[in-house]
Each structure stands twice: as C-alpha cells, then as structure tokens.
Amino acid sequence: MIGYLRGVISHLMPEYCLLDVQGVGYRIFIAGSTRQKLSVGVTVSLFTYMHVREDALLLYGFSTQDEYDLFIRVTSVSGIGPKVAMGILSACSPTDFRLAVASNHIAFLTKLPGIGKKTAERIVLELKDKLGAGLAAGAAVLTTTGPAIAVNDSEVEQALQALVALGYNQNEIMPVLKGLDGAGHSAETLIRLALKEFVRR
C-alpha cells in the first residue's frame, strides 16, 4: 500500500492531478479542498489511498492527514464509496463534518453531495461513537443554548477544551482566546469567534 507520494504537479484537472514522481506520472484523484492547495510545477507530498476494483487500481490523494483520516472513516460506512467521500471533502471541512455527526445534524449532512436522509442517518449511526466524547462535547457547546460543557468555572478553559477536542493545537488556540478574553464572553461565543479567526488564517 502506498502511504504517500512526493513529486511535481505536472497537470491539474478538476477531479485529479498528475504527479510526476521521478519520471513516473501518477494519476491521483483529489477533492476540491486539496486541489485549492495545488499548483502546476510545485513539488508536493500527498497522502494516498489505493482503491482496488475489478477493472482498475485508483489512487486518491489528500493534502493533510486529517482529510485522509476522514476519507477512511466515511468509506467505512456501508453504502458509501470513494466518490461520495471525495464529494464530502469538497463540500465541507473535516471539522464541520465531524461536528455535524457528533451533534446529529441530519439537515447539514443531507446538503452534502450524494447524501440523502437515510444515508445521513446511517453515517451518524455508524460514526458517532467513533468520534470520541471530547468532540461530542465540543459539538454540544456549538449547537445548544444551554450550559457550556462542565470542565471548570473558567469560560476560557471550557472553550479551550472544546477546541482541542475539535483537533486544534493548544499552542495556536491560546493566543486567539487571550485576544478574545476580558469581554465577558461565554464559552460558546469564544468558540465561535475562535473558529472564525482560524478560518481567516
């Protein structure tokens, strides 16, 4: 199994790229989120997954480990293949998808390409427990108007724990939270503002 490939982008198409690895051109299918980070002539490393079919061997590539991990999770759901999984990655971020699953947000999931209501319900059923309690707690803060997660009495600490559960690094979270603190924000508000700040970067 090929874990990753490093080479020069020789061609960039809507659904795939050709990666020149020491004179060999690999056709690698990519999601829109990965395509936006690629340019012809640039040397890149892509995490890869090889999909074996009766009539073909297909390579799927991802710019981050997070996207690769989500692809593997999604394709483990019965009835969902690589094409639908790539459509999901093109339509939303891994964090948004995980939040939707953790919070049972069927309406969000059904807006993704190739996902109907029954498929969305199956995704939640098969993946929710695999996301971990921490992410579910973070989703609860974002989707309810009730009390924030009970970590301690500090709103900043509650926001920190939820953002860590969403996959952000504590070293990148704290400067943002410090900049937002002091205005009497609730943990829920701090999380929303911090996520907006991360998007701008």
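**Ground rules.** I kept in mind that the model is predicted, so that local features need pLDDT of at least 70 and side-chain atom pairs count only at pLDDT 80 or more, while totals for chains, interfaces and linings use all residues. Residues are numbered from 1 along each chain as its sequence is written, and side-chain values use heavy atoms, with hydrogens and water left out.

**Strand pairings.** I took strands as DSSP runs of E with at least two residues, and helices as runs of H or I with at least four, numbered from the N terminus; two strands pair if DSSP finds at least two bridges between them. I began with β1 (residues 4-12), which pairs with β4 (residues 43-52) in the antiparallel sense over five bridges, and there I noted S45 in β4 as the bridge partner of R6. I then followed β1 to β2, to which it is joined by four bridges, again antiparallel, with V8 opposite D20 and three residues between the two strands of this hairpin.

From β2 (residues 16-21) I went on to β3 (residues 24-30), and found six bridges and an antiparallel run. Lastly I looked at β3 with β5 (residues 57-62), where the pairing is parallel and has three bridges, and I28 stands opposite L59.

**The second largest pocket.** I looked up its volume, which is about 230 Å³, a volume being the space filled by probe spheres set on grid points that are joined across faces, edges and corners. A pocket is an open set of points, on a 1 Å grid over the protein atoms alone, where a 1.4 Å probe fits, with protein on both sides within 12 Å along at least five of seven lines, and lining residues have an atom within 4 Å of a point.

I listed the lining as E15, F29, I30, A31, Y60, K83, M86, G87 and S90. The elements giving two or more residues to this lining are β3 and α3 (82-91), and α3 gives the most, with four. By class I noted five nonpolar, two polar and two charged residues; Ala, Val, Leu, Ile, Met, Phe, Trp, Tyr, Cys and Pro count as nonpolar, Asp, Glu, Lys and Arg as charged, and the others, Gly among them, as polar.

I also asked myself why the pocket lies between domain 1 (4-62) and domain 2 (65-132). It does so because both domains give residues to its lining, the bounds coming from an automatic or database domain assignment.
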